[in-house]
Amino acid sequence: MTMLIGQLAGRTGTSERLLRYYERVGLLTADRRANGYRDYDEAAVERVGQIRALLAAGLSTSLIRQVLPCGRADGSLRPCPGVLDALRAQLARLDQRADELARARQTLRRAIATTEQRPP
């Protein structure tokens, strides 16, 4: 069974505009009907879910374009050249951001505590 972009949007909770963007950057493909409308197959629903999960993990669309062909149905990845190194690098960037956020939170907590202790 195939579906139009509006149907795919409804099934995935993703806007049509975002689906068009995914197609434009090479993350999603669609056949075209004679009238030019996009025609998606059933696998597009899972693919959009994968794209959204990888974006939520902080991956760039260019890295996602590398990762998607390596995906398995169970959500794991097959070993693909360069992908594991790129994912490790992304994890290191996320770890660094988490450390920076933790320090910022601690600074803010101290500022609040200090301010609360001072008389008005």
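First, my naming: helices are DSSP runs of H or I with at least four residues, strands are runs of E with at least two, and both are numbered from the N terminus. I am working on a predicted model, where local features need pLDDT of at least 70, side-chain atom pairs count only at pLDDT 80 or more, and totals for chains, interfaces and linings use all residues. Residues are numbered from 1 along each chain as its sequence is written, and side-chain values use heavy atoms, with hydrogens and water left out.

**Entry 1: α1**

I looked at what follows α1 and found G13, with a positive phi near 70°. Next I asked which residues of α1 are buried. They are I5, L8, A9 and T12, where buried means under 20% relative accessible area, exposed means over 50%, and partly exposed is in between (1.4 Å probe, protein chains only). These residues cover an arc of only 100° around the axis, so they sit on the same side of α1. I take the arc from the directions that run from the helix axis to the C-beta atoms. The buried residues of α1 pack against β1 (2–3), α2 (16–24), β3 (38–41) and α3, with contact meaning heavy atoms within 4.5 Å.

**Entry 2: α2**

Here I listed L19, Y22 and E23 as the buried residues. Seen down the axis of α2, they fall within an arc of 100°, so they line one face of the helix. R17 and R24 are exposed on the other side of α2. What do the buried residues of α2 pack against? I noted α1, β2 (31–32), β3 and α3. Just after α2 comes G26, and its phi is positive too, about 85°.

**Entry 3: α1 with α2**

A reminder to myself: two packed helices are described by the angle between their axes and the distance between the axes. My axes are lines fitted to C-alpha atoms, for helices over the stretch in contact, and angles run from 0 to 180 degrees between N-to-C directions. For α1 and α2 I read an angle of about 105°, with the axes 9 Å apart. That makes α1 roughly perpendicular to α2. The cut-offs I use are under 35 degrees for roughly parallel, over 145 for roughly antiparallel, 65 to 115 for roughly perpendicular, and oblique for the rest. I5, G6, L8 and A9 of α1 make the contact with E16, L19 and R20 of α2.

**Entry 4: α1 with α3**

The axes of α1 (residues 5–12) and α3 (residues 43–56) come within 10 Å and cross at roughly 55°. That makes α1 oblique to α3. On the α1 side, the contact is made by L8, R11 and T12, and on the α3 side by A44, V45, V48 and R52.

**Entry 5: two single residues**

I checked M1, which lies in the segment before β1. Is M1 buried or exposed? It is exposed, with a relative accessible area of 76%. Not counting residues up to four places away in sequence, M1 touches R11, Y40, D41 and E42. M1 and A43 are 42 residues apart along the chain, and their C-alpha atoms are separated by 10 Å.

Then I moved to A86 in helix α5 (residues 83–117). A86 counts as buried, at 17% relative accessibility. From A86 to T114 I noted 28 residues in sequence and 42 Å in space, C-alpha to C-alpha.
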